[in-house]
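Subject: Structure handover

Hello,

Here is the structure you asked for. My notes on it follow below.

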Amino acid sequence: MDLLEVSKLNIRYRTKDRTIHAVRDLSISIKRGEVVGLVGESGCGKSTFGMSLLRLLPVSTDISAKKMMFNAGDGMQAGGIDILELSEKELRRLRWKHISVIFQGSMNSLNPVARIGSQFADAMFWHGFDDETIKNSISSHLELVHLDDSIRKSYPHELSGGMKQRVAIAMALVCSPELVIADEPTTALDVVVQRRILKLLMDTKEKLNLSIIFITHDISLLASIADRVAVMYAGSIVEIGDVRTLFRSPLHPYTKGLMSTIPRVDERQSELVEIHGSPPDLSGSIRGCPFAPRCGIATELCAVEMPQLRVVEGRHMVSCHNVEVQDGKND
Ligand SMILES: Nc1ncnc2c1ncn2[C@@H]1O[C@H](COP(=O)(O)OP(=O)(O)OP(=O)(O)O)[C@@H](O)[C@H]1O
Ligand SMILES: [Mg+2]
């Protein structure tokens with residue numbers, strides 16, 4: 001059984017004057033120990049999806065799904081945990097302990113007036129750890145991310161960006177979760193620190209058999225860390241597959257466009273597909289394929305009918321009317 005099973009997830013933000021349909025019929029399963037990269041341009045719904053797994057969205061948000069199950073390893077609940085049905089109390093048990101998050105820009109999301117040690121203790125507080133365990137866990141997790149134990153007495157402003165980011169990673173891991181949502185965990189860092197932090201995250205993943213949803217708008221980052229890549233466009237997954245398949249033979253015109261943004265010095269640039277225009281307004285209803293207005297191969301059908309995500313081969317799926325697929329659709 002997969003660790004996470006999401007089927008037909010829809011998320012709508014309700015603001016005073018409009019409703020933004022940020023996630024549209026999204027389906028995905030994550031296996032234990034698997035790293036799935038979630039990529040797509042700004043505003044396509046990546047963080048909204050990530051936060052929905054922890055139910056960390058504004059209260060006015062509408063979430064519905066055919067299925068949103070988390071199958072915890074400790075059998076917290078037979079038959080899995082239905083994320084949408086959890087009470088506030090149950091959610092507190094789920095957060096950090098089963099699913100945790102490294103927030104987008106998390107180095108700025110640490111509380112500026114609390115010492116690092118007490119921020120860890122707060123994260124652990126709800127899970128019934130005693131003081132001794134909390135103290136030892138903080139030490140061992142700071143060590144895991146190569147930080148000195150003494151920084152538990154520091155305030156965030158006393159640390160560099162890379163150190164704060166490592167603190168955020170350690171905090172996400174301190175309650176031994178099974179799934180970590182890493183939302184652009186390295187975006188604000190320079191390339192050398194970024195590489196070091198990615199390596200650290202991957203080493204830790206191996207040690208702890210974590211599953212990771214790695215959110216980024218930089219597809220090139222995923223080549224060395226992801227097992228699978230899911231490409232999101234306007235709230236939906238438009239292509240998903242093993243990292244090698246996706247990098248070698250992307251099929252969706254949007255994925256091809258993203259791939260062609262990766263500079264290659266070793267190979268001939270075979271197919272340069274530029275993505276002109278901008279994504280659709282998610283507050284309106286979208287007729288046909290949301291990518292059609294920007295697509296170089298769109299046909300009349302694309303303008304009127306939304307393509308479904310269908311299996312190409314094995315675990316490779318794509319939603320495009322102009323790609324030959326093997327069989328029926330996935331739900
Ligand atoms: N709290 C909110 N209230 C209303 N709309 C929101 C809210 N949060 C996000 N949105 C909208 O939902 C859509 C998806 O946003 P989201 O932050 O999930 O995108 P993203 O893919 O994470 O983008 P980025 O790469 O910039 O982080 C966007 O149109 C955004 O403006
Ligand atoms: Mg985001």
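Which residues does Phe214 touch, not counting residues up to four places away in sequence? They are Val35, Gly37, Leu38, Ala182, Leu222, Ile225 and Ala226, where contact means that the C-beta atoms of two residues, placed from the backbone, lie within 7 Å.

Some conventions before the rest. This is a predicted model, in which local features need pLDDT of at least 70 and side-chain atom pairs count only at pLDDT 80 or more, while totals for chains, interfaces and linings use all residues. Residues are numbered from 1 along each chain as its sequence is written, and chains are lettered from A and ligands numbered from 1 in the order in which they are written.

The core

Phe214 is one of the residues with the most contacts inside the largest nonpolar core, along with Ala230, Val231 and Ile237. That core has 84 residues. A nonpolar core here is a set of buried Ala, Val, Leu, Ile, Met, Phe, Trp, Tyr and Cys residues joined through C-beta atoms within 7 Å. Buried means that 20 or more other C-beta atoms lie within 10 Å of the residue's own, exposed means 12 or fewer, and partly exposed is in between, with C-beta atoms placed from the backbone. In soluble globular proteins, nonpolar side chains tend to be buried together.

Helix H5 (residues 161–173) gives the most to this core, with eight residues. Helices (H or I, at least four residues) and strands (E, at least two) are DSSP runs, numbered from the N terminus. Eleven of the 13 residues of H5 are buried, so the helix is largely enclosed by the rest of the structure. Among them are Met163, Val167, Ile169 and Leu173, and also Lys164, Gln165 and Arg166. The buried residues of H5 pack against strand E7 (99–102), helix H3 (116–125), helix H4 (131–144), strand E8 (179–183) and helix H6 (191–208). The end C-alpha atoms of H5 are 19 Å apart, which agrees with the 18 Å that its 13 residues should span at 1.5 Å a residue; the expected span is 1.5 Å times one less than the number of residues.

Strand E9 and its partners

Strand E9 (residues 211–216) is mostly covered, with six of its six residues buried. On one side these are Ser211, Ile213 and Ile215, and on the other Ile212, Phe214 and Thr216, so that both faces are covered. Strand E3 (residues 35–39) pairs with E9 in the parallel sense over five bridges, and Val39 stands opposite Thr216. Two strands pair if DSSP finds at least two bridges between them. E8 also runs parallel to E9, joined by five bridges, with Ile181 and Ile213 as bridge partners.

Strand E1 and its partners

Strand E1 (residues 4–14) runs antiparallel to strand E2 (residues 19–30), and eight bridges join them. The two form a hairpin with four residues between them. E1 is also antiparallel to strand E5 (residues 67–70), with four bridges, and to strand E4 (residues 62–64), with three. Arg12 has a bridge partner in E2, His21, and one in E4, Asp62. Val6 has Met68 in E5 as its bridge partner.

Loops

His146, in the loop between H4 and H5, has a positive phi of about 60 degrees although it is not a glycine. His146 counts as exposed, with 11 C-beta neighbours inside 10 Å. Ala234 also has a positive phi, near 45 degrees, and is found in the loop between strand E10 (228–233) and strand E11 (236–242). With 23 C-beta neighbours inside 10 Å, Ala234 counts as buried.

Gly128 is in the loop between H3 and H4 and is exposed, with 9 other C-beta atoms within 10 Å. Its C-alpha atom is separated by 40 Å from that of Tyr233, 105 residues away along the chain.

Regards
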